[in-house]
Amino acid sequence: MSETYALFSGGHDSLVSTHKAIESGTADKVLHINTGIGIRQTREFVETVCERRGWPLETIASDHDYEKIVLENQFPGPAVHIIMYSKLKERALRKVARRHDDKPVFITGVRKHESEARFKNVTPEQEDSSWIWRANIHDFTQSDVESYIDDHGLLRSPVKQ
């Protein structure tokens, strides 16, 4: 059986999703993707939470240098969001997936109540060619996320605040 990773970006949605997954035993470890565009305090927050909670953390970096992309092509706008996602996140996930004989499971904090587009597209589980997405808080509202953080005494990201 393949490993299950809780994806922890450092935001509140991924914090709640990761807590639910790790504490219930649904996920084997936490995975943080260092895209090269995040700020140091976010990475430190992820590391601090994992260390304090005793969660096994793996950080994987993007193969692409965002600064180089900007210098060569200017700042990417909304029209190239999917291209940047592919270069900075998806390829890092593919590196992880290649280490497995079967498809790893990535637990994500995506919620259908985040936006109209997500409301139409977010499902509890979705299979891709290389992995399985599992959205364990897909039905949570923003209020549910805030209550969960308070009810479980979770640290809040100073960056998000």
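Q: In what order do the elements of the protein chain run from the N terminus on?
A: This is a predicted model, and its protein chain has six helices and six strands. Reading from the N terminus, the order is β-α-β-α-β-α-α-β-α-β-β-α.

Q: Which residues have the most contacts inside the largest nonpolar core?
A: That core holds 22 residues. Helices H1 (12-23), H2 (40-53) and H6 (142-151), plus strand S4 (105-108), each give two or more residues to it. Those with the most contacts inside the core are Phe8, Leu15 and Val16.

Q: Which residues does Leu15 touch, leaving out those up to four places away in sequence?
A: Leu15 is one of the residues with the most contacts inside the largest core. With the sequence neighbours set aside, its partners are Phe8, Phe45, Val49, Ile149, Leu154 and Leu155.

Q: How many residues are in the other core, the one with Leu31 and Ile33?
A: This core lies apart from the largest one. Ala92 and Phe106 are also among its members. Its count is 12 residues.

Q: Is Asp13 buried or exposed?
A: Asp13 is found in helix H1. Beyond its neighbours within four places, it's in contact with Gly109, Arg111, Glu114, Ile137, Gln142 and Val145. The cut-off for buried is under 20% relative accessible area. Asp13 has 16% relative accessibility, so it counts as buried.

Methods
Residues are numbered from 1 along each chain as its sequence is written. This is a predicted model: local features need pLDDT of at least 70, side-chain atom pairs count only at pLDDT 80 or more; totals for chains, interfaces and linings use all residues. Side-chain values use heavy atoms; hydrogens and water are left out. A nonpolar core is a set of buried Ala, Val, Leu, Ile, Met, Phe, Trp, Tyr and Cys residues joined through side-chain atoms within 4.5 Å. Buried means under 20% relative accessible area, exposed over 50%, partly exposed in between (1.4 Å probe, protein chains only). Helices (H or I, at least four residues) and strands (E, at least two) are DSSP runs, numbered from the N terminus. Contact means heavy atoms within 4.5 Å.
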